[in-house]
Each structure stands twice: as structure tokens, then as C-alpha cells.
Amino acid sequence: MAEIFLTYTLLTSIFLLSGVLIIVVQYLFNSLKKNHMYQKDIDRISKDILNHNQEMIDHARLKAQEIIATASEKANEIISNTETFSADIQMSTDQVVSEIKESQKQEFNKARDLLLNQYKTFLEEIYKDNINLFKSVSKDIEEAAVSEIKSFRSVLEKETLESQKIVGEKIEGEYRQAEQEIEDFKNKELARLHDNFYKITQRAIELAIGKSLDRGLHEDLVMDGLKEAIEKGAD
Amino acid sequence: MQNYSKIIELIKTVEERNELYSEIDLVSQALFREGELKNVLENQISIVLKDYIGEGNARELISDKLSELKKLLDGLEIVKLNLAFEHSESTVDKIIAYLRKNLSEKIILEIHYEPNILGGVIFEFKGIYRDYTLKTKLEEVFKNKKEKLFTL
């Protein structure tokens, strides 16, 4: 009885589970289908965007070409206008310059003639004045020269006397100095001679004494020295 | 104390004192080396020091005696003498006897040989310098009576 119940329960469970499985499979199938459709839409939209972009780029390029062509045309026009204008200016300037040159030349010629005349007159006047001046000055010069010569002669006489005096004094001074130097040298040499003689004599005495002293005398001299040292207070 | 005075009597010059210092150092070092002391005492030191140390003394006693002696030697006073001749032992004896009697018992001599002083002595003691040489005396004579000498 129990086995029949168990079998029945098992079969029922299998049936229910099969139903659930069928539902899940059906749901999955539907989802895949939808997904496929969405993918198609995405592809289509991407394609549209690409096409649109390409169109925009082409349009921009055309527009740019047009602008460049217009600008180039305008520039050419401006350049040709400028050249025409420059040629006109050049012509009128050359004419003006040549006119000014001519006028200046005439003016300079007039001024030169005028100056030459004035200069000539001025020189003639100076010449006349100088002749008069030289006539009056030559007398003054003669007087001044005579006076200068007189004064020069007296100065020369005075200076000669002074120089003779100075030279005389200088010679006398140098003579005195030389005399003093000779005296000093004489004294120095004498002192040196005395000193050498003194040294030689002292050395001779030293040698004589050094050789003449025997040990006994040496010891006596030492003992005398020590006594004197102690008496004078060596301690 | 008798030992000290005996040893001081025998030390008359700086050289002798230096020799005794060396011997004291030798014995001091041997005190701390096993078996060396006997050899040093018998063969390497002077009779003066040997007599001073004595025989059969303990190491501590020897060490004390050496310290005392060193102190005594340090206290000796030096007289420096410059002599014109090479001194003999008898000269030293004569000088030391005179100085110990008239100056101080602790005197020892430092003698220098300087033949150019001709004779006499240069004496230096405790910063005092005295020149009693023949050379100096002669120089004084020549200095004072130079003119007189040349007029002779």
C-alpha cells in the first residue's frame, strides 16, 4: 500500500517538474529571440550614424574649398589694384623730384655768386686795414725790441755773476766734503790697523799662556775662581 | 743612613749619578722577573750599589731601598764647571771636597772641557753665572789699557 502511495507521489512530482521545465525553456527561447531583434536594431543605427558623419565631412570639405577659392580671387584683385596705384605714384614722384632739383640748382648758383662777391669785398677791406696796422706796429716793435735787448743784457750780467758765485760755493763745499771723507777713511783705517794689531798681540799672549800652564797651575786657577765665587755669594 | 752618606760620597759627577740610575732601573726590573735578580746583583751592578742593597734581603725591602736611593739622588745639586784642561780624578776630588765643605754637601759636578778659555773656570750654580777665566781677564786688560799698550 505504502509502495503504491510512494510510486504515485513520485510520478506526480515528475509530472510537475516536467511542466516547470517546459515553461523555463519557453521563456529562454523568447528571450533569445528578443535579443536577436535588439542586436539588429543596434547595427542599423550604427550604420546610419556612420553615413550621417560621412555626409557632414563631405559637406564641410566642399564649403572650405569654396571659401579658399573666394579668398584667392579677392587677394588677386587687391594685388593687381596695388600695382596700378604704385606705378602712378612712381611717375608723379619722379616728376616732383626733377622739378625740385632744378629749382635748388638755380638757388645754389645765386647764393654762390653772392657769397663770392661778399668774400672778395671783405678781403680787400682786410688788406687795407692790415697795411695801416703794420705801419703803426712796426714802430712799436722796434721800441719794444730795443728795450728787451737792454733788459736781457742786464739779466745776463746778473745771472753770470750769480752762477759764478754758486759754482764757487759748490766747489768749496765738495772740497770740504772730500777732505772730511779722506779724514774719516784715514781714521777708520788706523782704527782697523790698531784693532788687528791688538788682536794679534792678544792671540800671541793667549797662546803663550795656554802653553805655559801645567795641570797644577790650572787647578790653582780653578780653585781661586771657586773661592772667589763662593766668597761673592754663590749659595 | 750611614749607607746613604757612603754612597753620596762616592757619587761626584752627573755621569756617575746617571750610571747609578741605570743600575737602579736594572735591579728594579729584575725584581719582577723570576731568577734574574741574583744574576743582576752578582754580575751587572757596581760594588757601591751591591753593598748598599746588601745580601739576602727580601724583594720588598730591596724595592724600598732603591726608591729611597733614587729620591736621594734626585735631590743632589749640580754645579756646572767649564775648565780649560781635561780634568783627572784627583782634580774632581779636590774640587768636590772644597765645594761640599764650603757650599753644600749635596753637590755633584757637571764638567765641560773648553780649551779656548785658556785657564780658570766658569762656574754655574742655581742660576748664578761667574766667569773667572784667563781669557776674560785678558780681554778686560786689553780693553781697559788698550791705548796705554799702543803708546809703549
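Chain B contains 8 helices and 4 strands, where helices (H or I, at least four residues) and strands (E, at least two) are DSSP runs numbered from the N terminus. The model is predicted: local features need pLDDT of at least 70, side-chain atom pairs count only at pLDDT 80 or more, and totals for chains, interfaces and linings use all residues. Residues are numbered from 1 along each chain as its sequence is written, while chains are lettered from A and ligands numbered from 1 in the order in which they are written.

Along the sequence, the elements of chain B follow the order α-α-α-α-α-β-α-β-β-β-α-α. Of the 152 residues in chain B, 22% are buried; a residue is termed buried if 20 or more other C-beta atoms lie within 10 Å of its own, exposed if 12 or fewer, and partly exposed in between, with C-beta atoms placed from the backbone. Among the contacts in chain B with a separation of 6 or more, 61% join residues 24 or more positions apart, a contact being a pair of residues whose C-beta atoms, placed from the backbone, lie within 7 Å. Chain A, with 235 residues, has 3% of them buried, and its secondary structure consists of 2 helices and 0 strands.

At the interface, 21 residues of chain A are in contact with 26 residues of chain B. On the chain B side, at least two residues each are supplied by α6 (89-102), β3 (120-125), β4, α7 (134-144) and α8 (146-151). The largest share, 6 residues, comes from α6(B). By class, this side comprises 17 nonpolar, 5 polar and 4 charged residues; Ala, Val, Leu, Ile, Met, Phe, Trp, Tyr, Cys and Pro count as nonpolar, Asp, Glu, Lys and Arg as charged, and the others, Gly among them, as polar.

A nonpolar core is a set of buried Ala, Val, Leu, Ile, Met, Phe, Trp, Tyr and Cys residues joined through C-beta atoms within 7 Å. The largest has 22 residues, of which V222(A), L226(A), L81(B), L83(B), V121(B) and F123(B) touch the most other members. At least two residues of this core come from each of α2 (215-231) of chain A and β1 (77-83), α6, β2 (107-113) and β3 of chain B. Leaving aside residues up to four places away in sequence, V121(B) touches V222(A), G225(A), L226(A), L81(B), N82(B), L83(B), Y132(B) and T133(B). A second, separate core of 8 residues includes I24(B), L49(B), Y52(B) and L69(B).

Strand β4 (residues 128-133) of chain B includes I128(B). I128(B) is exposed because 12 other C-beta atoms lie within 10 Å. Its C-alpha atom is separated by 9.9 Å from that of V79(B), 49 residues apart along the chain.

Note on methods. Contact = placed C-beta atoms within 7 Å.
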